[in-house]
Amino acid sequence: MRLVVAAIGRLKQGPERELAAWYRKHAEATGRSLGLRDVEVIEIRESRAQDAERRRIEESIALANVIPDGAIVVVLDQRGQSLDSPALAALLREWRAEDRAVVCFIIGGADGLAPSLAQRAKLRLAFGAATWPHQLVRIMLLEQLYRAGTILAGHPYHRG
């Protein structure tokens with residue numbers, strides 16, 4: 001099963017990019033033996049539209065265009081469901097057991113997602129009630145994918 005993270009915005013050179021790359025690399029390495037064969041990150045340029053609604057629509061169209069056919073769609077949304085790490089790992093295990101080819105995690109921009117895209121989500125996932133910059137959400141998501149892999153592999157990284 002492939003894991004795709006489609007995000008609005010590009011991580012600039014620096015510690016955030018390095019940390020995201022570190023977690024991605026380790027998530028791929030840990031997941032390989034578990035049938036999680038790839039972690040792909042797709043960065044989408046932020047819309048330059050003046051109007052927030054127009055930005056939301058343009059960014060949502062761009063995100064929708066990169067969702068692989070047949071993918072399970074997971075939207076990161078502060079109003080979504082908060083899952084602990086073992087629960088996220090269990091969902092990945094379940095989807096892998098269903099022989100799903102791709103899970104696509106969507107991280108919208110500052111203006112959020114168009115309702116038409118948000119409605120495609122099988123799961124709306126939150127990292128708590130706080131509002132997080134989308135760059136940090138990407139890092140936290142990649143860390144949770146790595147942690148889920150370690151849970152499934154019985155690796156001691158996750159001790160909670």
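I looked up D99 and found it exposed, with a relative accessible area of 68%, which is over the 50% cut-off. The model is a predicted one.

I placed D99 in the loop between helix 3 (85-97) and strand 4. I then checked the backbone of D99 and noted a positive phi of about 60 degrees, although D99 is not a glycine. I set this beside the general rule: most residues other than glycine have a negative phi.

Next I turned to helix 2 (residues 52-64). I compared its length with expectation: at 1.5 Å a residue, its 13 residues should span 18 Å, and the end C-alpha atoms are 18 Å apart, so the two agree.

I looked for a cap at the N-terminal end of helix 2 and found D51, with a side-chain oxygen 3.2 Å from the backbone nitrogen of E53.

I listed the buried residues of helix 2: R55, E59, S60 and L63. They cover an arc of only 125 degrees around the axis, so they sit on the same side of helix 2. I recalled that an α-helix has 3.6 residues a turn, so residues three or four places apart point the same way.

I asked what covers the buried residues of helix 2. The cover includes strand 1 (2-8), strand 2 (38-44), strand 4 (102-107) and helix 4 (115-118).

Last, I looked at R138, which lies in helix 5 (residues 134-153). I count R138 as buried because its relative accessibility is 2%. Setting aside neighbours within four places in sequence, I found R138 in contact with V5, A7, I8, G9, R10, L11, V41, E43 and I107.

Key
Residues are numbered from 1 along each chain as its sequence is written. This is a predicted model: local features need pLDDT of at least 70, side-chain atom pairs count only at pLDDT 80 or more; totals for chains, interfaces and linings use all residues. Side-chain values use heavy atoms; hydrogens and water are left out. Helices (H or I, at least four residues) and strands (E, at least two) are DSSP runs, numbered from the N terminus. Buried means under 20% relative accessible area, exposed over 50%, partly exposed in between (1.4 Å probe, protein chains only). Contact means heavy atoms within 4.5 Å. The expected span of a helix is 1.5 Å times one less than its number of residues. The arc is that of the directions from the helix axis to the C-beta atoms. A polar contact is a pair of N or O atoms within 3.5 Å; within protein, one must be able to donate a hydrogen and the other to accept it, and residues adjacent in sequence count only if both atoms are side-chain atoms.
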